[in-house]
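Good morning. I will take a few minutes on one protein, starting with the structure on the screen.

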Amino acid sequence: MSNYFPAEKFKSIPTPFYFYDMGLLEQTLQKVKSESDKYNFVVHYAIKANANDRILERIREYGMGVDCVSGFEVKKALDMGFPAQGIVFAGVGKADWEIEMGIDNNIACFNVESTAELDVINEIATRKNQKVKVAMRINPNVKANTHKYITTGLDENKFGIHQMDVEKTVDAITKMDFINLEGIHFHIGSQIMDLSSFSALCERVNEIQDWFEEKGIALKTINVGGGLGIDYNKPAENPIPDFENYFRIFSEGIKLRPGQEIHFELGRSVVGQCGNLISKVLYVKEGVKTNFAIIDGGMTDLIRPALYQAYHKIENITSNGSEEKYDVVGPICESSDSFGKDIELPKTSRGDLMAIRSAGAYGEVMVSRYNLREEPKAYYSDQL
Ligand SMILES: *Cc1c(COP(=O)(O)O)cnc(C)c1O
């Protein structure tokens, strides 16, 4: 049983639902701010991780910018009152209307991922007679020790401009009247726990910077993306990621030129630990090998285990019986709708409440209505 959750209060709320610990979000944001302020780093929040209004309001209070990967994310950020001048827009496939919208709202920067995209931005910018700031997203071919579906900085990934094509792209930009090259952008992957991947990125950034310098091109911003991981195994022990060492690595690792800024795009590390999916046990079904604890939350509410084979810690927050093993599964008609196999839990019975931890990032935003299920609602620790 866990004292962390107000289980008594949960009993009157229809399950499944998201529960956000707003105190933890606040502490996390304070830490991001204090550690990044040490070096005057600029932090953009990657809104794709969680676009819940109350979460965004808190983040906005900390003065962060926003990293968007779709036109609707740009719109959401603007609607939530984030200044356009703090919005950056990445993504391998930006539709014309998305580019137009970014230009019309005067966002800070487009992180461009191909010369084909640059051509379109230039065409639209020329038509609108408006200068557009871009950063080149360069694929640094740095391996992030993470799941293959969430590594993005390798040659074989679809993201970014290949190093081989950098020169060609720079030459093209030079000829474009309405494109200003602001800087370079990287994002090597997500859920990176081994900080040496970031040191490797720093080295690559320095090499690339040297190349730009030789070409006589001054870069104003170095955007190193996001990717800092969270401790899914021990959310209670490690609720706040190691921002101190993370930012220190970049401050020590990147050789900044005068007037340059380092930008970050943090998603998961900001919001991951403050969210939980709370679900009720419908039945315990005796299986051949283990017992199944069948809960009312499923992959439609939290898809990460089904999509990336991701691990989330599961806690029974209402039982303190002796430990037994269970496969915890959802009700959706897919075998991948499973939250964990052979999980040790206190003796579990119908009506118990389960907390699936560390679900604040890539949880609520990925909810679907498959099986025509209703979307889970969100509740907040400061409003219960
Ligand atoms: C997803 C994404 C991020 C955020 O990644 P996290 O692992 O959640 O920190 C940052 N930048 C870009 C371009 C992204 O696509």
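What follows covers the overall build, the surface and the domains.

This is a predicted model, where local features need pLDDT of at least 70 and side-chain atom pairs count only at pLDDT 80 or more, while totals for chains, interfaces and linings use all residues. Residues are numbered from 1 along each chain as its sequence is written, and side-chain values use heavy atoms, with hydrogens and water left out.

The protein has 11 helices and 17 strands; these are DSSP runs, with helices being H or I of at least four residues and strands E of at least two, numbered from the N terminus. Its radius of gyration is 22 Å, close to the 21 Å from the globule rule for 384 residues, so the protein is as compact as a globular protein of that length. That radius is taken over C-alpha atoms, and the rule is 2.2 Å times the number of residues to the power 0.38. Along the principal axes, the C-alpha atoms fill a box of roughly 70 × 40 × 40 Å.

How much of the protein is buried? Of the 384 residues, 56% are buried, meaning under 20% relative accessible area (1.4 Å probe, protein chains only).

Now the domains, whose bounds come from an automatic or database domain assignment. Domain 1 covers 7-17 + 273-383, and domain 2 covers 22-271. Their C-alpha centres lie 33 Å apart. To the contact between them, domain 1 gives 23 residues and domain 2 gives 25 residues, where contact means heavy atoms within 4.5 Å.

Definitions and conventions: Buried < 20%, exposed > 50% of the residue type's maximum accessible area, 1.4 Å probe, protein only.
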